[in-house]
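The questions below work through a predicted model, taking helix packing, then the ligand surroundings, then some backbone details. Each answer ends on the value or name that was asked for.

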Amino acid sequence: MTQQEDPVKKNAQKPVKKDVKDFELVVKTGLKAGRARHCWEPTRPAAEPQPGEASGLRAARPWVARSLPYPSELPRAVVRATDGATVQLQTNQIDPTATTPERIRALSYPDFLGLINQWNVPPGALSTLSSWALHSRLGPSSRVLEIACTTGFSLRELATLTGCGGVGFDISAASVDKANRNRLVHAPDAAVNFVCADAYAYEPSELFSHFVLGASLKSLPDPARFLARLVSWMGESGYFLVSPFYTRRPLPPDLVAQARSVFGFTPTLEPYKEMMRAYRDFEIVFEERRTIERETEDELRHYCSSTVSRACQSLGVRDDATRQAIGDRLGTIRAMSNTLRPYQEYAVLVLRYRRSVYPNRYVELF
Ligand SMILES: C[S@@+](CC[C@H](N)C(=O)[O-])C[C@H]1O[C@@H](n2cnc3c(N)ncnc32)[C@H](O)[C@@H]1O
């Protein structure tokens, strides 16, 4: 199987004969077979997703395994056709019984963000995307590869803004699952999809015109090795869209320790020139250095309550203690990010690779 294929769709479609019209969905949760209520989504957007008893639900057309997370997400499902053919459907492996306050507090930072479907955006969010799109001439004929896409924000929203198409990948299966769901809900017409892959194993099956990395270079274990791979995917030329953080003044050690305990990783400690060194072999087509305004209590509350409500609805959380635990943890994360702001800036960069130039610098910086 290549990395571009949607494994869920592939599993769902492979053993089903084209003339089979009638399916019985038998869901095995791994906990208790066949009793969970569930929603299913058809292969074509012709019909609305229907809630129903998973066991015994009959569908008039083939179904794929993109189960909707109401009221809980199920580890595994089997679609059985009337002629006896069965299809194993892998869904996101979240144990529905374990969405408790204790589990919310125990999850790793990326797992927590994945669980609540936090839209992990590049620094500058939509405003950065607008600058990238304008200054890299992104349009309907562009093909974009988003690297380390998390829940798919950049590619999905660039497609919405410009009509571009493309592929996103991330090593986290849970994040990729959310990216595909978010695309269905927020950009159903966008010609984009998301796959699970490691940046050090991924091999693109097409030539992309644009490569989006946001602020993720230092999230990858060996940035220099990754950049060498990236360049090998670029053909004659390509735009490389990044928005890395850098420090405007040194962070106090106790703040670094606090941030590490909240995020599980060290925030950027590099000043501007050090950060830019990683990108020195590319041409700088556009650059803007941006300061960050701290968010007010009201702004933080509005964002957090919107995200927590959506997470509780999609996870089927009904008890106040779990809702509170989700809200507290998200609030702590946002408050810590806000505390770091006076120490940070970020650069919106449109970089260009040209085989005829790389890795030399023939254009002065200023
Ligand atoms: C800081 S988040 C990315 C945020 C956002 N996409 C951006 O533009 O800045 C880092 C992401 O890198 C992913 N990641 C880490 N190591 C990876 C690898 N080896 N291959 C692919 N993705 C990886 C993580 O799963 C996570 O989703």
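Q: Is the crossing of H10 and H11 left-handed or right-handed?
A: In this predicted model, helix H10 covers residues 297-315 and packs on H11 with the two axes 10 Å apart. The angle of that packing is about 145°, and the hand of the H10 and H11 crossing is right-handed.

Q: How many charged residues are in the contact of H10 with H11?
A: From H10 the contact takes residues including Leu300, Tyr303 and Cys304, which meet a set in H11 that has Arg323, Ile326 and Arg334 among them. Divided by class, the residues of this contact are eight nonpolar and four polar, and the number that are charged is two.

Q: How are H8 and H11 oriented to each other, roughly parallel or roughly antiparallel?
A: Helix H8 spans residues 253-263 and helix H11 spans residues 320-340, and their axes come within 10 Å and cross at roughly 150°. Angles over 145 degrees count as roughly antiparallel. The orientation of H8 and H11 to each other is therefore roughly antiparallel.

Q: How many nonpolar residues are in the contact of H8 with H11?
A: On the H8 side, Leu255, Gln258, Ala259 and Val262 meet residues of H11 that include Ile333, Met336 and Leu340. The residues of this contact comprise no charged and three polar ones, while the nonpolar ones number six.

Q: How many polar residues does the shell around the ligand have?
A: The ligand is surrounded by 19 residues, and the closest are Pro122, Ala148, Thr150, Ala199 and Gly214. By class, that shell has nine nonpolar and two charged residues, and its polar residues number eight.

Q: Is Asn117 buried or exposed?
A: Asn117 is found in the loop between helix H3 (109-116) and helix H4 (125-135), and its phi is near 60°, a positive value in a residue other than glycine. A residue with 20 or more other C-beta atoms within 10 Å counts as buried. Asn117 has 21 C-beta neighbours inside 10 Å, and therefore it counts as buried.

Q: What is the phi of Arg137?
A: Arg137 sits in the loop between H4 and strand S7 (143-147), where its 14 C-beta neighbours inside 10 Å make it count as partly exposed. Although Arg137 is not a glycine, its phi is positive, at about 55°.

Note on methods:
Residues are numbered from 1 along each chain as its sequence is written. This is a predicted model: local features need pLDDT of at least 70, side-chain atom pairs count only at pLDDT 80 or more; totals for chains, interfaces and linings use all residues. Axes are lines fitted to C-alpha atoms, for helices over the stretch in contact, and angles run from 0 to 180 degrees between N-to-C directions. Helices (H or I, at least four residues) and strands (E, at least two) are DSSP runs, numbered from the N terminus. Angles under 35 degrees count as roughly parallel, over 145 as roughly antiparallel, 65 to 115 as roughly perpendicular and the rest as oblique. Two residues are in contact if their C-beta atoms, placed from the backbone, lie within 7 Å. Ala, Val, Leu, Ile, Met, Phe, Trp, Tyr, Cys and Pro count as nonpolar, Asp, Glu, Lys and Arg as charged, and the others, Gly among them, as polar. A crossing is left-handed if the near helix is turned anticlockwise from the far one by less than a right angle, and right-handed if clockwise. A residue is near a molecule or strand if its C-beta atom, placed from the backbone, lies within 6 Å of it. A residue is buried if 20 or more other C-beta atoms lie within 10 Å of its own, exposed if 12 or fewer, and partly exposed in between; C-beta atoms are placed from the backbone.
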